[in-house]
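This report describes selected features of a multi-chain model. The sequence and structure are shown first, and the description follows.

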Amino acid sequence: MQSVPKHEGAAPLLSVDELSVSYGPIRALHEVTIRIDRGEVVTVLGPNGAGKTTLLRTIAGALRPHTGSVSLGGEPITGLAPEDVVRRGVALVPEGRRVFPALSVEENLLVGGITRRDAEGLQADLQRLFAMFPILGERRGQAAGTLSGGEQQQLAIARALMSRPSLLLLDEPSLGLAPIAVGRIFALISELREQGETMLLVEQNVHRALEIADRAYVLSVGRVVSEGPAADLARGDIERTYLGLSATEGA
Amino acid sequence: MREWISSPRRRRAMLGVGMLIAVLVALTAAVVALGTDLSRRTLIVFLLNAMLVLGLQVFIGDTGIVSFGHVAFMGMGAYLTALLTIPPRVKALQVPDLVALLAHAHLGLIPAVVVSALVTALVAAVLGGGLIRMQEGAMAMATLALLVIAYALFQNWESVTRGTLGLFGIPADTTAWVALAGAAVFVVVARVYKESRAGLRVRAAREDPLAAKALGTNVVRVRYGAWILSASMMGAAGSLWALSVLAFDPNQFFFAATFSLLAMLVVGGKTSVTGAVLGAAVVTFLQDTLSRVEQGVRIGSIELPRLTGTVDFVIALLIIVSLIWRPEGVMGRREIEDLLRRFRRSVPQKGGDQHVALGRVEAPANDGAVLSAEAIDKRFQGLIALSGVSLTVATGEILGLIGPNGSGKTTLLNVVSGILPPDGGRVRLGGRDVTSLPPHQVATLGLARTFQNIRLFSHLTVRENVSAVIDDDDPAVVTRVLGWLQLDDVADEEAANLPYGAQRRLEIARAVALRPRVLLLDEPAAGMNENESDGLVRTIRQIRDELGCGLVVIDHDLRLIMQLCDRIQVLDQGRTIAIGSPKEVADDPAVIEAYIGRNEAEVTGPP
Amino acid sequence: MSPAEFVQQLVNALSLGSIYALLALGLSMVYGVFGMLNFAYGELVTICGYSMLFASHLGAPFVVMALVGIAAATVASVLMELIAFRPLRNASFMTLLFTSFAVSQLIENVLRQAISPRPKGVPVPDLFDNAIRLGPITIGLLPLITAGVGVVSLYGLTLFLRRSRAGLSMRAASQDFTTARLVGVRANRVISLAFAISGVLAGIAGVLWISRTTAVAPTTGFTPILEAFIASVIGGLGNLTGAVIGGFFLGTLEVFLQATLPGTLLPFAQAVSLLVIVGILYVRPQGLMGTRQQVRV
């Protein structure tokens with residue numbers, strides 16, 4: 001794992017405090033607290049139904065929390081509408097990619113930059129992203145709905161980057177992708193990491209996620225059950241959480 | 001009859017019907033005895049409107065499908081009755097070229113109404129056959145077409161309808177008491193239908209058509225029944241209406257009437273019979289009062305000017321305001337007897353005879369595999385969801401189906417239950433090939449399931465959720481199943497109001513009530529804590545023991561799966577990667593890898 | 001039908017079709033972005049007509065009348081959204097439909113009271129009665145102008161949707177409203193824009209319609225809205241291209257039915273075209289361009 005210079009001791013970029021979110025009668029998150037520093041890559045792991053997607057959607061403003069708060073760079077963003085959260089500098093790559101199927105690749109990217117006012121910078125970013133994601137450049141005029149899963153995932157990430165976010169949220173980028181595509185996606189995420197992009201990564205692919213992340217949180221049934229530097233989270237512990245075995249039981 | 005009454009739900013319904021009719025009788029008596037000619041007229045208008053709105057309620061309210069065309073049936077009934085009851089000499093003046101059968105006909109009130117009801121039922125049966133199979137948006141469109149086409153017919157088929165001039169000379173046979181009788185009959189019919197087996201199923205299909213189908217309801221067939229009944233009611237109501245107006249023309253059966261009736265339905269509460277009557281009352285009263293204002297009214301010494309269009313204006317305003325304030329209508333989903341219950345202490349339902357056994361399901365004649373899926377393939381637009389997956393479940397066996405997200409577990413359940421057709425492979429239930437059968441038939445043959453995202457009939461009560469799927473509606477069976485899953489004390493709660501755990505249990509109760517040979521549970525423990533999922537394990541074992549059915553359980557709570565299942569099958573990316581006992585599967589490195597992720601060294605291809 | 005007649009009828013079909021296409025597009029646009037079938041849409045045509053009448057009383061030439069009409073329809077559309085529909089943003093489809101029904105009745109009655117229940121003549125240029133001769137073919141000038149204006153408007157709208165940022169936002173929002181918000185598209189603005197554009201479309205269609213009928217009454221908007229509704233359902237609700245295709249299809253169908261039906265069946269022309277439509281929907285319930293709804297289990 002490469003080390004990226006971090007601003008030790010500086011205020012965290014993202015602060016999630018005692019966040020509780022419900023879907024009707026179901027409590028999806030219970031007092032979840034998370035911190036991300038500038039330049040860090042933090043991953044949130046956990047079995048299905050643990051609340052990982054709920055966490056990201058709440059940060060992005062698509063869901064309102066019950067109690068608790070979310071702050072970005074010290075400023076509260078709890079309860080802001082999603083279009084305002086984007087303008088504060090948070091971009092979400094949603095689960096299932098959610099590209100605009102009838103828009104072309106290029107149009108999808110332009111929509112991603114809809115909050116930007118600088119036309120030149122926008123064009124420059126477009127070119128930069130086409131260079132970083134060559135397959136998108138090749139298919140720039142194609143309707144996004146006709147792309148393969150892996151290509152759509154790249155498009156969703158590039159689209160999010162168009163808003164020049166200070167924090168990038170990625171919701172299960174490897175979901176439903178063939179192994180080769182997964183490899184490519186993680187290589188891209190790695191590249192972003194080297195460029196200093198701050199990211200919160202939700203993943204089911206534990207091994208990959210731990211390779212790339214600086215720190216990790218483990219959620220289970222809506223609560224944080226484990227956290228720490230990625231290297232420290234021994235693989236054995238993760239297995240047990242996933243396979244539902246307690247520390248004292250054998251496999 | 002006694003058996004029918006025995007259900008507490010139906011007893012309450014009869015109470016409600018009685019109360020509502022009593023109110024109508026009292027109102028009629030009061031107006032007839034004390035009121036003026038004008039108020040008697042308004043009363044008749046109200047009672048006829050109530051009948052029309054009830055006809056609409058039976059379709060729109062119970063099926064949830066918007067129909068713009070029902071006024072066409074009212075028109076049919078009206079025209080037919082007019083032609084049957086106008087004295088032949090007066091008829092000959094208007095429509096001399098009428099066919100002999102109708103030209104000579106001179107019927108009384110009841111025969112005319114009956115004939116109208118039957119003929120409209122027939123027409124609806126013929127038209128509805130194709131219409132009812134359409135998707136909801138297209139169906140609404142088709143009903144609009146029906147309205148416009150009927151109107152065009154009324155306006156242009158001059159030899160029968162006298163075109164735009166309309167018909168006159170209709171006897172005024174509909175007195176206040178006749179209208180009351182009609183309204184009372186309609187209240188009974190609407191309420192009886194709502195609580196009947198067919199009515200329950202249609203309402204379940206309104207709430208969640210997919211779940212209704214998967215649990216044995218032939219949704220098209222029950223909606224067809226509602227369509228015919230409601231059309232026939234509109235025909236009968238149109239008939240009585242014709243006998244109250246002396247004369248009419250085609251404009252009475254177009255958008256103004258449609259809008260007015262829909263307004264009454266929506267303001268009152270479209271799923272409630274009481275609401276329909278109440279809405280009719282409110283809007284009729286308003287229309288009556290306002291039309292006097294339209295004529296110019298004196299308030300003290302001030303004379304208000306004539307304001308044409310006041311009625312429609314205010315009615316329209318009323319709709320908007322009432323929809324913003326009470327989107328579900330004044331009554332919402334309640335009936336008149338529910339108002340009583342608020343003041344009565346609620347009596348907890350007795351658990352019923354806990355020792356009534358549900359009876360074991362019949363074991364298949366063959367080797368014991370009650371469900372088998374062979375080499376199932378399924379593709380979605382190029383994405384391979386399942387590839388050569390096979391699955392067998394024996395009687396009394398609990399098979400766990402696990403795998404990471406996107407591995408195809410739910411798709412497999414959907415193929416097995418008939419919701420999705422496979423691209424390859426066969427499904428056999430009790431030895432019989434069910435691969436191409438629609439879901440409701442698969443359910444009737446003995447396969448029941450629950451859903452990953454809860455698909456309850458939200459606005460039906462717990463008890464109704466269960467009753468809506470079974471055929472014999474034996475209260476003892478319903479009570480037994482509810483007791484089993486600890487739902488007896490919430491039996492009369494609306495399913496949407498239940499806490500999450502109870503909702504999950506209700507999903508299971510509903511499926512169990514079908515007494516299936518095979519039960520498929522899709523993430524029954526999702527969102528449950530340890531205590532709850534332990535309880536679930538016990539309940540599922542109980543179900544298996546008592547019914548003797550086979551079970552397939554999908555879940556991500558592997559602790560639960562390990563405890564509960566006799567065998568476990570693991571899917572990954574659409575293929576089976578392991579089958580065996582819990583111990584065997586837990587030790588299998590391929591399984592661990594599928595869940596945790598591949599080791600980087602094993603990935604092929606450049607990064 | 002002779003070739004000359006055929007060409008004439010074709011132009012008529014294009015003319016009627018483009019009016020329907022404009023209206024169907026407006027309806028579908030609002031449906032796509034807001035999820036509502038706006039029954040009050042026809043009232044915008046009526047308002048356009050009365051505004052044209054009002055402008056003519058002030059002595060305005062036809063072009064100014066037309067612009068006033070279009071402006072009025074646009075303003076009315078935006079106001080409608082702000083006052084009646086925004087408070088009901090999350091209501092069910094049925095509730096929104098009824099509300100829009102009620103709004104249409106409201107407007108119709110206000111106009112009836114404030115102005116007159118009787119139709120009033122709207123002065124249109126005599127020019128419109130002329131015809132162009134091309135050999136054996138005689139083509140009315142008005143249908144030609146209508147078809148031309150219609151096609152140009154549709155093209156202009158397409159350009160707007162495809163080339164502008166606002167148009168891009170709208171297209172994204174109609175495909176996936178939530179995700180559009182998640183990339184920063186402003187929900188309220190996009191909805192207001194959809195209503196505004198549909199108002200412009202109703203205004204243009206209104207000018208063209210009034211030019212044909214040369215009169216306006218409180219119920220003027222009713223017939224075209226019915227046609228627009230039918231056309232957008234044929235095309236697949238919410239599908240913009242489908243709406244345009246549906247509009248031209250319906251226009252063509254009606255014109256050719258009018259031309260070919262025997263005299264006795266002529267009053268049933270609309271009924272017959274409706275039967276054809278229902279037949280299409282029976283075979284393809286999602287409309288010509290719509291996609292079959294995938295049910296997520």
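Chain A contains nine helices and 10 strands. The model is a predicted one. Chain A comprises 251 residues, of which 51% count as buried. Among the contacts in chain A with a separation of 6 or more, 67% are made by residues 24 or more positions apart.

In chain B, an open sheet is formed by four strands, arranged in the order 6-5-8-9 with antiparallel pairing. In general, the strands of a sheet pair through backbone hydrogen bonds, in either a parallel or an antiparallel manner. Strand 6 (383-394) and strand 9 (432-433) of chain B are the edge strands, each pairing on one side only. Strand 8 (residues 424-429) of chain B is joined to strand 9 of chain B by two bridges, and these two strands run antiparallel. Opposite B:Asp433, which lies in strand 9 of chain B, stands B:Arg428.

Chain B is also in contact with chain C: 34 residues of chain C meet 34 residues of chain B. On the side of chain C that touches chain B, the elements that give two or more residues are helix 4 (93-114) and helix 11 (269-283) of chain C. Helix 4 of chain C gives the most to this side, with 13 residues. The table lists the residues on this side of chain C by class.

| Class, side of chain C that touches chain B | Number of residues |
|---|---|
| Nonpolar | 26 residues |
| Polar | seven residues |
| Charged | one residue |

Methods. Residues are numbered from 1 along each chain as its sequence is written. Chains are lettered from A and ligands numbered from 1 in the order in which they are written. This is a predicted model: local features need pLDDT of at least 70, side-chain atom pairs count only at pLDDT 80 or more; totals for chains, interfaces and linings use all residues. Two residues are in contact if their C-beta atoms, placed from the backbone, lie within 7 Å. Ala, Val, Leu, Ile, Met, Phe, Trp, Tyr, Cys and Pro count as nonpolar, Asp, Glu, Lys and Arg as charged, and the others, Gly among them, as polar. Two strands pair if DSSP finds at least two bridges between them. A residue is buried if 20 or more other C-beta atoms lie within 10 Å of its own, exposed if 12 or fewer, and partly exposed in between; C-beta atoms are placed from the backbone.
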